Amino acid sequence: MAALTLIMLIGMYCYTIQLDQGLSVTGMTDRVSWGLYISNFTFLVGVAAAAVMLVMPTYVLKDIDFKQAVLIGEGIAVAALVMCLAFVIADMGGPSVLWHMIPGIGVFNFPDSMLTWDVIVLNGYLFLNITIPFYILFRHYQGKESRSRIYVPGALLSVFWAVAIHLVTAFLYQGLQARPFWNNALLGPRFLASAFAAGPALIILVLAIIRTFTKFKVEDKTLKKIAMVVTVAAQINLIMLVSELFKEFYAPTHHSESAYYLFFGLDGKTALLPWIWTAIAMNVMATVILTFHKLRNNFKVLFFACLLLFVAIWIEKGFGLIIPGFIPGPYGKIAEYTPTGIEIGVTLGIWAMGAFIFTILAKTAIKIETGALRYKK
């Protein structure tokens with residue numbers, strides 16, 4: 001917690017410089033107006049949505065194997081959503097412009113603007129992921145059983161809401177006609193596939209740490225079931241990647257230039273080449289490892305594969321999706337983007353804040369669930 005606090009303080013210092021000098025201290029320009037902040041926002045929306053892969057089996061299908069993991073998954077979703085909102089604030093330049101996004105006060109442009117839909121679904125999903133676990137944990141803290149008729153309707157709603165938050169984010173990009181790289185019918189489904197691979201992969205890694213260092217019991221079969229979810233999602237994500245590559249390069253048009261820039265470079269500009277090919281190599285390696293039953297059931301190998309997959313999808317949905325959409329520009333101008341130290345500092349600070357929030361939530365939930373924290377009359 002001390003280390004996370006230090007990183008947050010460094011992030012806050014970097015953010016004060018951005019507040020003082022404006023977005024000119026970042027690597028973003030009028031050519032590439034979305035960078036590291038929006039890349040992380042897009043990725044974390046998927047991480048948050050992935051909690052549904054534990055919510056539905058636990059609350060709706062009554063699968064007891066997922067029961068120990070679901071509260072941890074929802075804690076990760078809350079932390080991810082808070083980070084999403086923080087990255088949006090950072091990208092807007094500062095909190096002073098946030099009033100524009102408040103219905104009735106600012107110019108909300110509902111329902112025409114996809115951004116307003118994004119604001120609604122993100123805050124709604126955050127509300128659901130706070131209230132449902134809070135009710136269950138508070139009842140357990142009191143020494144009482146939670147009533148399913150109270151929380152199951154909210155859990156059912158969160159299943160559909162989780163899909164909505166990522167589809168709306170995908171539609172936000174798909175709806176920009178001047179950015180042909182994003183005008184892809186597969187973007188929404190691929191967002192979901194990558195989310196349901198990276199999110200549960202992170203949950204597996206977190207559960208591995210929790211069961212190693214706490215008294216919270218996580219059964220092997222729970223990890224194996226979540227690993228199966230990760231495996232199927234990773235395979236579908238890889239198939240969709242191959243489909244996209246075929247579409248871009250089998251019969252290339254002028255609209256394929258962004259893809260050429262990303263995968264092969266354009267006019268000697270190759271800033272993203274090492275990133276995307278590293279991500280693809282890691283993605284393929286992780287998917288192959290997870291596909292083999294014997295390897296997947298070896299927990300050390302499973303944890304390594306999950307880490308590879310998480311990092312690969314972070315690169316792929318960040319630098320591999322957002323930046324190439326702006327390059328080349330509508331008039332053919334190639335202006336590359338490189339994040340500055342200020343951007344990196346703010347980004348690390350926000351990730352540390354998310355980890356800090358999750359640690360508090362997880363420590364509280366674990367103490368309540370293990371019986372160490374109870375209300376005393």
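Which pattern does the protein follow when read along the sequence? In this predicted model, the protein follows the pattern α-α-α-α-α-α-α-α-α-α-α-α-α, and in keeping with that reading it has 13 helices and 0 strands. The radius of gyration is 21 Å, close to the 21 Å that the globule rule gives for 377 residues, so the protein is as compact as a globular protein of that length. Taken along the principal axes, the box filled by its C-alpha atoms is roughly 70 × 55 × 40 Å.

Of the 377 residues in the protein, 52% are buried. Among the contacts with a separation of 6 or more, 73% are between residues 24 or more positions apart. The protein exposes about 17,800 Å², and carbon and sulfur atoms supply 69% of that area.

**Enclosed space**

Rolling a probe the size of a water molecule over the atoms shows where empty space is left. Here the count comes to 1 cavity of 30 Å³ or more, and about 250 Å³ of space lies in the largest cavity. The lining of the largest cavity is made up of 18 residues, and those nearest its centre are Phe181, Arg190, Glu244, Gly320 and Leu321.

The table gives the make-up of this lining by class.

| Class of lining residue | Number in the largest cavity |
|---|---|
| Nonpolar | 9 residues |
| Polar | 4 residues |

Several helices take part in the lining of the largest cavity: helix 7 (187-213), helix 8 (220-249), helix 9 (257-263) and helix 12 (299-317) each supply at least two residues. Helix 8 gives the most to this lining, with 5 residues.

Is Ser33 buried, exposed or partly exposed? With a relative accessible area of 37%, Ser33 is partly exposed, because that value falls between the 20% under which a residue counts as buried and the 50% over which a residue counts as exposed.

When residues up to four places away in sequence are not counted, Ser33 touches Met28, Asp91 and Phe326. Ser33 and His255 are 222 residues apart along the chain, and their C-alpha atoms are separated by 20 Å.

Conventions. Residues numbered from 1 in each chain as written. Predicted model: local features only at pLDDT ≥ 70, side-chain atom pairs only at ≥ 80, totals over all residues. Heavy atoms only, no water. 1 Å grid on protein atoms, 1.4 Å probe; cavity = no way out; pocket = protein on both sides within 12 Å on 5 of 7 lines; lining within 4 Å. Points joined across faces, edges and corners; volume = space filled by probe spheres on them. Helix = DSSP H or I, 4+ residues; strand = E, 2+ residues; numbered from the N terminus. Nonpolar A, V, L, I, M, F, W, Y, C, P; charged D, E, K, R; others polar. Rg over C-alpha atoms; globule rule 2.2 N^0.38 Å. Buried < 20%, exposed > 50% of the residue type's maximum accessible area, 1.4 Å probe, protein only. Contact = heavy atoms within 4.5 Å. Areas by Shrake-Rupley, 256 points an atom, 1.4 Å probe, with all protein chains shown as cover.
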